[in-house]
Structures are given as structure tokens and as C-alpha cells.
Amino acid sequence: MTPAPTILVLDSGLGGLTVYREVVGARPDARFLYVADDAFFPYGDHGEAELVARLVALMGALIAAHRPDLIIIACNTASTLALAPLRARFSVPFVGTVPAIKPACAASATRRVSVLGTQATVSREYTRALIRDFANGADITLVGSARLAGFAEAELRGEPVADAAIAQEIAPCFVDADSRRTDTIVLACTHYPLLLDRFARLAPWPATFIDPAPAIARRVVDLIGPPAGREAAARAEIVFTSGQSPSPALAAALAGFGLSAAKRRFDLPPLSA
């Protein structure tokens, strides 16, 4: 019997849990390691060259330690900057996360679409190139939030965020002009689906929110195949590059995703910080 694959999921924090959840559903037999690079959170606060250097060094250490069969970069900012250098450096297959502009524009009935991401992601040339290539005549509103990723992490730690604060961040996504309202919103940060129920409840009118995680799970299956009829894997761990242990509230939230904090110490060689 072919051994179950090892899949490594990397994000700056906990947003990649939304991707991890979908991939587990597609490959429940796999062994999973989720790496939260919280020592460098948020990625958008760092310069491009600094971030690429960090990710290449971190990935080299992770590959040497864990020999994954596939790696998911569950972060739009990291993917738009570092996927090409990572693929050039390492032979392990990588699956990235990029704003789902093409399917959003194809699905929009009003031809008015918003892209809700971090400030770093919406300002990237990569994102603007996607709009040029795939908007197909739709009006695109780019909305960069400095606070939503932190709000999602706070909620996971058991620290409630007020509705008004979330509503303020998503309000620019909703444009009503020329008798056309925004009807489709791209969630261009993997943290944001963690707040999806709040977004839907606080939206001034109904809209479709596009989560990239299901497409990522399909791509994983394309690359390594479907499950081979095994039961769910016994081990799915999360490690934090800061070395900190999760609080009881966060540990309980992680358990809801089927993840436990790694018991062994996760040592890294010196990395750019």
C-alpha cells in the first residue's frame, strides 16, 4: 500500500485553517502539519525582499525536517510574492493562494465585484494583473483592510470583536452606483472566511463571498490524487514559529479543526526576523 502523503500548510498565522479544513475534507487520510509563522505575522508588514528571504529560509528548514509530499502556501501575500522563488528552489510541489478574481467576475450578475484583502495583497501588481486579465468588463473595487486578519485571530483566541468594527472594514466593498450593486466579493485573505458568518450578517445587502479554499483542495487532489480508502490520519499537528504555546481558548478552537499543538519542540535555524 502506498504510504499516506504528508501535506504541509503554511500561513503567517491562523487564516490558513480555512484552507486546511477544505484539504482535510479532500484528503482525510493524509498526515498534516500546519505551520503558523506567527513570529513574522503579519506578512504584509515586511518588505518584499525580506519576506521572500524569510519564506525561502523557513521552507528549507521545514522541508529538511519533515519531508512533505506537497506544500500549501495558504496566504495570498506570500503566494503572490514567493511562489516563483520557492518553486525554483525546491522540487516539492507547491499550491498557492491567489485572489479568485476570474471566477468572481464570471459569476457576477451585476458586473460589480469587490476584492477584499490585506493592504499588501490589494496593492500588489500581481492582483492588478489578474484584474486586467480576467475582469472581462466587470467593475472591480479593491478594498484593503489593516484590521480584519487580526480580528479573525482574536476571535479564535476567544477575544470577541464588536460587530461595528467588522462592519466598518467591509463597508467599502458594497458599492451602489449606476443602478448596479456589488453582488460578489472575493475574500483575498485566508483569514477572512473565519469571519464569513459575520460578514453575511453585517452586509448591507446580500452578496456572494468567494472563498478560494475549495479550489485549492481540488488542486491538491489533482496533484497527489484522491484518498485511497484509508481512515482519517491519526496525526495532525500545528506548530508556531514563535515557540509559544496556544492559550486554552485557542487550543480548544484548534481542536475544533482537528489540530493539536506539536508536543516536540520545533527548532529552526536562524532566520531573518
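**Notes on the predicted model**

1. Of the 273 residues of the protein, 51% are buried, meaning under 20% relative accessible area with a 1.4 Å probe and protein chains only. This is a predicted model, in which local features need pLDDT of at least 70 and side-chain atom pairs count only at pLDDT 80 or more, while totals for chains, interfaces and linings use all residues. Residues are numbered from 1 along each chain as its sequence is written, and side-chain values use heavy atoms, with hydrogens and water left out.

2. The protein has eleven helices and twelve strands, taken as DSSP runs (H or I, at least four residues, for helices; E, at least two, for strands) and numbered from the N terminus. Its radius of gyration is 18 Å, close to the 19 Å that the globule rule gives for 273 residues, so the protein is as compact as a globular protein of that length. Both values rest on C-alpha atoms and on a rule of 2.2 Å times the number of residues to the power 0.38.

3. Among contacts (heavy atoms within 4.5 Å) with a separation of 6 or more, 75% come from residues 24 or more positions apart.

4. Helix α7 (residues 148-156) is mostly covered, with seven of its nine residues buried. These are Leu-148, Ala-149, Phe-151, Ala-152, Glu-153, Ala-154 and Leu-156.

5. What do the buried residues of α7 pack against? Their partners are the helices α1 (17-26), α8 (163-170), α9 (196-202) and α11 (248-256), together with the strands β5 (112-118) and β6 (139-145).

6. After α7 comes Gly-158, with a positive phi near 80 degrees.

Terms used. Buried < 20%, exposed > 50% of the residue type's maximum accessible area, 1.4 Å probe, protein only.
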